[in-house]
Amino acid sequence: MATVDIRDVRKNFGSTAILHGVDVDIADGEFVVLVGPSGCGKSTLLRMIAGLENISGGQVSIGGRVVNDVPPKDRDIAMVFQNYALYPHMTVRDNMAFSMKLAKAPAEVMDSEVKRAARILGLEALLDRYPRQLSGGQRQRVAMGRAIVRHPQVFLFDEPLSNLDAKLRVQMRAEIKDLHQRLKTTTIYVTHDQIEAMTMADKIVVMHGGHVEQIGAPLELYDRPANVFVAGFIGSPAMNLLPGVVTGGAFQPDGGGQAWPLPPDARATEGQRATYGFRPEHLSLVAEGIPLVVTLIEPTGSETQVSGKAGSVAVTGAFRERITARVGETIHVLPDPALAHLFHGETGHRLNAA
Ligand SMILES: Nc1ncnc2c1ncn2[C@@H]1O[C@H](COP(=O)(O)OP(=O)(O)O)[C@@H](O)[C@H]1O
Ligand SMILES: [Mg+2]
């Protein structure tokens, strides 16, 4: 196991800057998820840690050793890719033993390492099969087995579940997390899926356009997003984000309608442009509040999502209680002001007290 320190790391492809100075500290044994929209630079950063891309600026250290100029095979890392990259003409056993074979490991070491990995992953009965004879989830497990046999200091995963169907994805998510709890190997996991990030990470790094937007524990990001981007990216259904102005001790959204109650710790001045945020589940049905003309009702069973218009402002709520209103009718809602967020109108930075 090892720490990983990413210090002011930059990447240019030709004259195009892709990563603009990324800093992340990863503790020994930590499970860190890099999350962000497609194209934000997650895979590039992971490949730089692996040594598959050179580093245009800054430093990557693994276990306290700067590895900028260390070739991938000497970094003591193992990477699992989205497409598994299994050899189709080799059995599960040979796929898992392949890296040891290249390193000319003794046959009994290969045998015991493959058995250990197969036991950890529940693959014992499948060792003589070929990849085409396996399900997607089993193939994914073999790909992990190839990483485990190497006893790496760090596991790197790049969207390893995106080729699986939704149900299997949830199951494999739990398996990878369980594996980490047993092996406690430092892990860096890339995904564009914020639910995967929330459920798996000790620590999430939210990336956007080659920058780090925020680093924190899943619920820290959920409860106290540092800016409008993180607020809108983490959470499903997404946070309501209304542009407008702070006036008379309340928030007046653009497009009119009633004013919304400010969070008590908001640091804003009269007349300031701001973005007001509240999560759908923090909206309550009340007898007297902000009128919302219902435009869409989506029951999921455990809750009901209601979209509507407050004046001309689109708002979504998620309610545990059953909704009797119909489309076109008016309900009254209020957000819990203590759970509301206020962001700077231009910079998007959080304006709630620290
Ligand atoms: N080899 C390359 N040459 C030029 N541009 C690249 C190369 N690899 C990635 N990019 C660009 O870098 C950006 C980040 O890509 P990537 O790290 O794959 O994003 P993510 O994994 O977050 O979807 C994208 O705009 C992509 O087009
Ligand atoms: Mg990628």
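Q: How are α2 and α3 set relative to each other, in terms of their axes?
A: This is a predicted model, and in it the axes of α2 (residues 92-102) and α3 (residues 107-121) come within 10 Å and cross at roughly 130 degrees. The two helices are therefore oblique to each other.

Q: What cut-off makes that oblique?
A: Roughly parallel is under 35 degrees, roughly antiparallel is over 145, roughly perpendicular is 65 to 115, and the rest is oblique.

Q: And is the crossing of α2 and α3 left-handed or right-handed?
A: Right-handed.

Q: Which residues of α2 and α3 meet there?
A: On the α2 side you have Arg-93, Met-96, Ala-97, Met-100 and Lys-101. They meet Met-110, Asp-111, Glu-113, Val-114, Ala-117 and Ala-118 of α3.

Q: OK, what about α3 and α4, how do their axes cross?
A: The axes of α3 and α4 (residues 136-148) come within 9 Å, and the crossing is at roughly 135 degrees. That makes α3 oblique to α4. Their crossing is right-handed.

Q: Which residues make the contact?
A: From α3 it's Arg-116, Ala-117, Ile-120 and Leu-121, and from α4 it's Arg-141, Met-144, Gly-145 and Ile-148. By type, the contact of α3 with α4 divides into five nonpolar, one polar and two charged.

Q: Switching to the sheet: what's the order of its six strands?
A: It goes β6-β7-β8-β3-β9-β10, in an open sheet with mixed pairing. The edge strands are β6 (77-80) and β10 (211-216), each pairing on one side only. From one strand to the next, the twist averages 15 degrees.

Q: Which helix packs on the sheet, and which strands does it touch?
A: That's α1 (residues 42-50), which touches β3 (31-35), β6, β7 (154-158), β8 (186-191) and β9. The direction of α1 makes about 150 degrees with that of β7.

Q: How many bridges join β9 to β10, and do they run parallel or antiparallel?
A: Five bridges, and the strands run antiparallel, with β9 covering residues 203-208.

Q: Now β15. How many bridges join it to β18?
A: Seven, with β15 (residues 283-299) and β18 (residues 330-335) running antiparallel. Ser-284 stands opposite Leu-334 in β18.

Q: And how many bridges join β15 to β16?
A: Six, again antiparallel, with β16 spanning residues 304-310.

Q: How many residues sit between β15 and β16 in the hairpin, and which one in the turn has a positive phi?
A: There are four residues between them, and Gly-301 is in the turn with a positive phi of about 105 degrees.

Q: Zooming out, what does the domain assignment give for the chain?
A: Domain 1 is 4-230 and domain 2 is 240-344.

Q: What distance separates the centres of domain 1 and domain 2?
A: 39 Å, taken over C-alpha atoms.

Q: And how many residues are in contact between domain 1 and domain 2?
A: Eight residues of domain 1 are in contact with seven of domain 2.

Notes:
Residues numbered from 1 in each chain as written. Chains lettered and ligands numbered in written order. Predicted model: local features only at pLDDT ≥ 70, side-chain atom pairs only at ≥ 80, totals over all residues. Heavy atoms only, no water. Pairing = 2+ DSSP bridges. Axes fitted to C-alpha atoms, helices over the stretch in contact; angles between N-to-C directions. Contact = heavy atoms within 4.5 Å. Left-handed = near helix turned anticlockwise from the far one by under 90°. Domains from an automatic or database assignment. Nonpolar A, V, L, I, M, F, W, Y, C, P; charged D, E, K, R; others polar.
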